[in-house]
Amino acid sequence: PDAPVVAPKYLDDGLLRTPSIALDRARLELLRLSERVRHMLAESADAVLDGTNEDLVTIEAMDDEVDSLYASIVDYLGRLSKRELLSHETAELFQLMEATNNLEAIGDIVETNLVQLGLSRLENDLTLTTESRELVRSFHWEVLTAYELAMLAVTQKNEAAAHRCSAMKTTINSMA
């Protein structure tokens, strides 16, 4: 098989015999994945609003690293799920799997939907009004803030961040 685009740094097969440690390692790898997705998301607004074709292709290519880490984490968690786990470990494994799936989906949305919007802007030689640009930037900032809070909640088990993120949902939905 082909080598991964980016190799996992924290996933250690030897730790699968100790589920609590293996879950912590998966959480660290999830943090690496979240940093890559955050970078894609952070760069997307400038690329969509003002970027060149090359900028958009660069954003699109970032998803290859996201997909590679995603596959490694899912494989690791899948193998861990075959071990005997305590109920709280099983719950944590499912939480990590859900977060991993959500991160990969965000990467795909940026890669397909946002990059396509930027390419359409270029193809049709469109310029957004100042009001539209401000709305997009404001919305982007809210989404990025919510993303960072969600990742803090998941990767560091931070309940305050989870509550703050959840409280942003109404604002984000109304902006959308």
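Guide: What follows is a set of questions about a predicted model.

Visitor: Why is S34 called buried?

Guide: S34 is found in helix 1. Its relative accessible area is 4%, and buried means under 20%, so S34 counts as buried.

Visitor: Which residues is S34 in contact with, leaving aside its neighbours within four places in sequence?

Guide: S34 is in contact with L103, Y147 and M151. Contact here means heavy atoms within 4.5 Å.

Visitor: What makes T145 buried?

Guide: The relative accessibility of T145 is 18%. The cut-off for buried is under 20%, therefore T145, a residue of helix 4 (residues 130-156), counts as buried.

Visitor: How do you know that the side chain of T145 has a polar contact with the backbone oxygen of W141?

Guide: A polar atom of the T145 side chain lies 2.9 Å from the backbone oxygen of W141. The limit for a polar contact is 3.5 Å, so the distance of 2.9 Å falls within it.

Visitor: Why is D125 called exposed?

Guide: The relative accessible area of D125 is 67%. Exposed means over 50%, so D125 is exposed. D125 has its place in the loop between helix 3 and helix 4.

Visitor: What makes the phi of D125 worth a remark?

Guide: Most residues other than glycine have a negative phi. D125 is not a glycine, yet its phi is positive, about 50°.

Visitor: Where does K157 lie, and is it buried or exposed?

Guide: K157 lies in the loop between helix 4 and helix 5 (159-167). With a relative accessibility of 51% against a cut-off of over 50%, K157 counts as exposed. K157 also has a positive phi, near 55°, and is a residue other than glycine.

Visitor: What do the buried residues of helix 2 pack against?

Guide: They pack against helix 1 and helix 3. Among the buried residues of helix 2 are L56, I59, V66, L69, I73 and Y76.

Visitor: What makes a group of residues a nonpolar core?

Guide: The residues must be buried, come from a list of nonpolar types that includes Leu and Tyr, and be joined through side-chain atoms within 4.5 Å. The largest core that meets this has 36 residues, and L30, L33, Y76, L77, L80 and L103 have the most contacts inside it. Helix 1 (19-50), helix 2 (53-81), helix 3 (87-123) and helix 4 each supply at least two of its residues. The largest share, 10 residues, comes from helix 1.

Visitor: Which residues does L33 touch, not counting those up to four places away in sequence?

Guide: L33 touches V66, L69, Y70, I73, T100 and L103. There is also a second, separate core of 7 residues, which includes A146, A153, A161 and I172.

Visitor: Which residues lie nearest the centre of the largest pocket?

Guide: N102, A146, Y147, A150 and C165 lie nearest its centre, out of 22 lining residues. The volume of this pocket is about 710 Å³. Helix 4 gives the most to the lining, with 7 residues.

Conventions. Residues are numbered from 1 along each chain as its sequence is written. This is a predicted model: local features need pLDDT of at least 70, side-chain atom pairs count only at pLDDT 80 or more; totals for chains, interfaces and linings use all residues. Side-chain values use heavy atoms; hydrogens and water are left out. Helices (H or I, at least four residues) and strands (E, at least two) are DSSP runs, numbered from the N terminus. Buried means under 20% relative accessible area, exposed over 50%, partly exposed in between (1.4 Å probe, protein chains only). A polar contact is a pair of N or O atoms within 3.5 Å; within protein, one must be able to donate a hydrogen and the other to accept it, and residues adjacent in sequence count only if both atoms are side-chain atoms. On a 1 Å grid over the protein atoms alone, a cavity is a set of points where a 1.4 Å probe fits but cannot get out, and a pocket is an open set with protein on both sides within 12 Å along at least five of seven lines; lining residues have an atom within 4 Å of a point. Grid points are joined across faces, edges and corners, and a volume is the space filled by probe spheres set on the points.
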